[in-house]
Structures are given as structure tokens and as C-alpha cells.
Amino acid sequence: MKHLHEGHLYWPETMKPQQPAVYPQLAEAITTDVAIIGGGMSGAICGYILSRSGLTTALFERGQIGSGSSLANTGLLQYCNDIMLCDLADQIGEGAAVQFYKGCKQAVEQLGELAAELGTSSEFASRSSLYFASTEQDVPRLKREYKLLKQHQFEVEYLEPEEIAARFSFRKPGAIVTHGDASVNPSRFVHSLIDSAAKRFGLAVFEQTELSTAKRSNPGNRDSSRGWHILKSSTGYEVRAKHVIYAVGYEPEELRGKLVKSVMNRTYAIVTSPQPELYEMFSRYLFWETARPYSYMRFLEDKRMIAGGGDDESKVLLTSESALRKESEKVLGFIEGLFPTIQASIDYEWNATFALSRDELPFIGADPHTPGIYYCLGYGGNGTVYSMMGSHILHHLITGRDHPLASIVALDRASLLKV
């Protein structure tokens with residue numbers, strides 16, 4: 001498995017004392033409606049949604065379930081994106097941009113519905129987000145963002161410096177508060193989704209099973225409903241599927257450069273010692289800023305803080321403890337800037353790789369060249385929200401229906417020509 005993170009991770013600690021379920025390697029040839037490649041957040045949500053709908057579905061993970069990017073996920077669920085609504089409107093048009101943002105908001109709501117449906121503790125909680133101007137120069141753009149969100153009926157407030165100081169422990173040039181966001185424990189959520197889908201809807205799950213690139217049984221036929229995709233597993237068995245979904249977070253290695261152009265980056269995250277007093281006052285908020293790259297933070301159920309940022313343009317992970325600690329202290333500095341009296345230690349720290357697309361949107365939809373092949377590739381800081389959105393888009397496409405967001409996030413979308 002490609003190494004996606006390095007350091008002392010927090011989420012495995014939250015899975016104790018009960019350890020996650022273990023699934024077998026593929027040990028026989030199988031036939032299925034949908035084969036999902038990838039056992040992280042995207043694969044888990046797609047597996048749950050598709051198997052619940054009645055499609056026979058099999059999920060394949062080449063390592064262990066939830067051991068990739070999901071372990072580095074900080075669990076913020078926001079409908080606002082790395083690219084602000086006002087900037088996205090300039091890029092793809094106001095109508096499409098608002099439609100995409102409303103799709104993200106709906107996805108956060110759907111994640112809440114899934115968490116409730118699971119009946120297990122995934123630490124899902126409704127939250128509001130404080131998005132503040134990092135400098136005075138960012139205020140005009142932030143006000144433009146507020147006006148556009150307000151105009152399109154998003155629940156949002158604008159705070160002047162005095163209002164920020166009155167409600168929080170710091171002062172900023174300006175801020176907006178968006179309502180309708182959430183937070184989650186990504187490890188618990190991924191495992192709960194897959195375990196529940198396996199037990200309730202017959203999702204077939206295989207770990208330590210890598211699949212080769214799909215080949216069609218009748219490659220000359222453009223009708224994806226006719227013929228099968230034939231995949232060979234690392235264990236030597238054949239998988240026949242009508243539809244194949246690559247839910248691997250980013251573009252599959254074997255397809256690198258053939259579908260999309262993206263940039264790999266390195267990011268940092270920390271978890272502090274518990275802060276019970278601050279938790280009681282501010283745990284209902286997610287905090288982030290207008291600077292790019294931005295820093296962000298939220299509170300955890302055990303009253304710790306989790307924060308991230310400091311992104312740099314490198315895909316090489318830091319393995320030196322001293323080098324990682326240097327970057328971690330910068331992330332801690334962001335927290336200290338918000339809460340000047342805090343006394344917090346860094347109890348967990350890690351760095352991870354992530355990718356950004358050229359237009360800062362995910363890649364979700366059908367392969368433009370091969371019928372029956374689909375992708376649910378997150379890209380950016382809203383991966384879990386995109387995974388939820390993607391599961392519904394792909395379900396529509398697989399069952400022969402249009403989806404209003406499909407053209408916005410398609411792999412061959414028109415907006416890429418402008419970037």
C-alpha cells in the first residue's frame with residue numbers, strides 16, 4: 001500500500017478496546033453488479049449506499065479497511081469548500097457554483113442521517129463554522145462571500161471585529177459563521193458503515209486483496225449494461241463486475257496522468273491534551289481561516305483539540321520526529337493565536353499527503369473512455385462530504401439516471417478548460 005501518513009495517529013486509540021472487524025482475502029471467483037476498489041471513506045459510503053439500494057456489491061481493499069487516508073482525516077464536515085463560493089462562481093458561473101454548494105450542504109445532512117441510521121457511536125455532531133479573515137486585506141472578499149451565501153438562503157452571519165471579540169477569546173478583522181456543518185470520528189464511521197452494510201445488505205468485503213486494472217469481456221460495445229469487466233485479484237481469483245468504482249481517494253497509480261492533473265501536497269495535524277474549559281465554551285464551532293494554505297481546528301469528544309494546516313508542496317512524508325515536531329509546533333501556534341492563555345501539550349502528531357485538482361473540485365463520475373468504470377476521487381479538504389455526494393451521483397449513473405451535479409464534477413468537465 002502506498003504510504004499516505006507518518007507519525008503518531010490519534011484515531012486508532014479511539015477504536016480501543018474493541019478492535020475493528022477483520023475481513024478475509026478473496027478466496028474464490030465472484031460475480032457482482034458493482035466492484036468497489038478502496039476501503040476508505042469513499043469506498044465505505046459507496047458500499048453502504050449501493051448495497052442498501054439492492055445492487056449486489058463487493059468491496060476490495062488491498063490493505064486493511066480504513067488504514068489509508070481515513071486515518072489522517074481530521075473529521076471536519078463543512079459545506080463551504082477550499083474554493084470560496086464567490087471564487088467558484090467566477091470559475092463555473094453563479095448558478096452552478098450555488099448548486100454545488102447546496103449539494104455539499106445536502107451531503108452533510110445525509111452524513112448525519114447515515115450516522116443516525118448506523119445506531120453506533122461515530123461521534124457525529126452538528127456544528128457551526130467560524131471562518132475568519134486572516135488579514136485586513138481578506139475582509140472585502142469575505143464580505144462578498146457572506147453576501148452571496150446570504151442571497152442564496154444559506155444560514156450565515158457576518159461578525160465585525162467587536163462581535164468576534166465579544167463571542168470568542170480573540171479579535172479578527174472580520175468573520176462569517178455558517179450553520180449546518182458537522183464533525184465525525186472518521187475511523188469509527190468507516191468501520192461502522194462497512195460492518196453494517198455487510199450484515200444488513202450483503203456487502204461482500206475483502207481485505208488484503210488488490211485488483212488489477214479492469215478489462216472488458218466485449219471491449220467494442222459502448223453499452224455498459226452489456227458485458228462484464230474482468231479483474232484479477234492479487235490472490236489469483238477472477239472478479240466479474242458490471243460496474244467498477246475506483247474509490248481510492250486520488251487517481252489510481254496505474255492511471256496516473258491519464259485522467260486528471262493534480263498536485264500532491266503534504267499537510268500536518270496534531271491532537272492536544274484535553275481542554276475542558278475551552279470545550280465547554282467553544283466545542284460547537286469549527287474554526288478556519290481565509291489564508292491559503294489555511295489552518296483549522298475543532299474539539300474532540302474527549303475534550304482535546306485537533307488541528308491541522310501548514311501545507312507545503314511536497315509529497316515526501318517527514319519521518320524524522322524532530323522535523324515533524326517543528327511543523328507540529330507551528331500548528332499549535334495557530335491554536336495559541338486563538339486561545340492565548342491555553343496550556344496544551346501535543347499528544348498526537350502526524351503528516352499526510354493529499355491532492356488538489358486544478359479547479360479545486362472533486363472528480364466523480366464515469367470514465368470518459370471506458371463504459372462501466374467510475375471514479376469517486378475526493379481531492380481537497382472536503383473529502384468526506386464529496387464521498388457522500390459521490391455515492392449518490394454514482395448510484396444515479398449506474399442505474400441509468402441523470403444527476404444535477406454530475407456535469408460539475410465529471411472527469412471531463414468543461415470548467416477544467418478554463419483553469
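Q: How many of the eight residues of helix H3 (residues 85–92) are buried?
A: Six of the eight are buried, so H3 is largely enclosed by the rest of the structure. Buried means under 20% relative accessible area, exposed means over 50%, and partly exposed lies in between (1.4 Å probe, protein chains only). Helices (H or I, at least four residues) and strands (E, at least two) are DSSP runs, numbered from the N terminus.

Q: What kind of model is this, and how are residues numbered?
A: This is a predicted model: local features need pLDDT of at least 70, side-chain atom pairs count only at pLDDT 80 or more, and totals for chains, interfaces and linings use all residues. Residues are numbered from 1 along each chain as its sequence is written, and side-chain values use heavy atoms, with hydrogens and water left out.

Q: Which residues of H3 are buried, and what do they pack against?
A: Look for Leu-85, Cys-86, Leu-88, Ala-89, Gln-91 and Ile-92. Those buried residues pack against H4, helix H5 (139–151) and helix H11 (406–409). After H3 comes Gly-93, with a positive phi near 100 degrees.

Q: How should I read the protein as a whole?
A: Start with the elements. The protein has 11 helices and 18 strands. Its radius of gyration is 21 Å, close to the 22 Å that the globule rule gives for 419 residues, so the protein is as compact as a globular protein of that length. That radius is taken over C-alpha atoms, and the rule is 2.2 Å times the number of residues to the power 0.38. The C-alpha trace spans about 65 × 50 × 40 Å along its principal axes.

Q: How do contacts tell me about the fold?
A: Check how far apart the partners sit in sequence. A contact means heavy atoms within 4.5 Å. Among contacts with a separation of 6 or more, 74% join residues 24 or more positions apart.

Q: How do I find a nonpolar core?
A: In soluble globular proteins, nonpolar side chains tend to be buried together. Here a core is a set of buried Ala, Val, Leu, Ile, Met, Phe, Trp, Tyr and Cys residues joined through side-chain atoms within 4.5 Å. The largest one has 75 residues; Ile-45, Phe-100, Tyr-101, Leu-149, Phe-189 and Ile-245 have the most contacts inside it. Helix H4 (residues 94–118) gives the most to this core, with 11 residues. Apart from it lies another core, of 30 residues, including Phe-287, Phe-299, Leu-324 and Ile-335.

Q: What is Phe-100 in contact with, beyond its sequence neighbours?
A: Leave aside neighbours within four places in sequence. Phe-100 is then in contact with Asn-81, Leu-88, Leu-361, Pro-362, Tyr-386, Met-389, Leu-405, Ile-408 and Val-409.

Q: How do I read a polar side chain such as His-179?
A: First place His-179: strand S7 (residues 175–183). His-179 is buried, at 18% relative accessible area. Next, look for polar contacts: pairs of N or O atoms within 3.5 Å; within protein, one must be able to donate a hydrogen and the other to accept it, and residues adjacent in sequence count only if both atoms are side-chain atoms. The His-179 side chain makes one with the side chain of Ser-128 (2.7 Å). Another, also of 2.7 Å, joins it to the side chain of Glu-157. Neighbours within four places aside, His-179 is in contact with Tyr-79, Lys-105, Ser-128, Glu-155 and Glu-157.

Q: How many disulfides are there?
A: A disulfide is a pair of cysteine sulfur atoms within 2.5 Å. By this rule the count is zero. For Cys-46, the nearest cysteine sulfur belongs to Cys-376, 4.2 Å away. Cys-46 is buried, with 0% relative accessibility. For Cys-86, the nearest cysteine sulfur is that of Cys-80, 10 Å away. Cys-86 is also buried, at 0%.

Q: Which residues other than glycine have a positive phi?
A: Glu-360 is one of them, with phi near 65 degrees. Glu-360 lies in the loop between strand S16 (346–357) and strand S17 (363–366), and is partly exposed at 30% relative accessibility. Tyr-379 has a positive phi of about 60 degrees. The loop between strand S18 (373–377) and helix H10 (383–398) holds Tyr-379. Tyr-379 is buried, with a relative accessible area of 2%.
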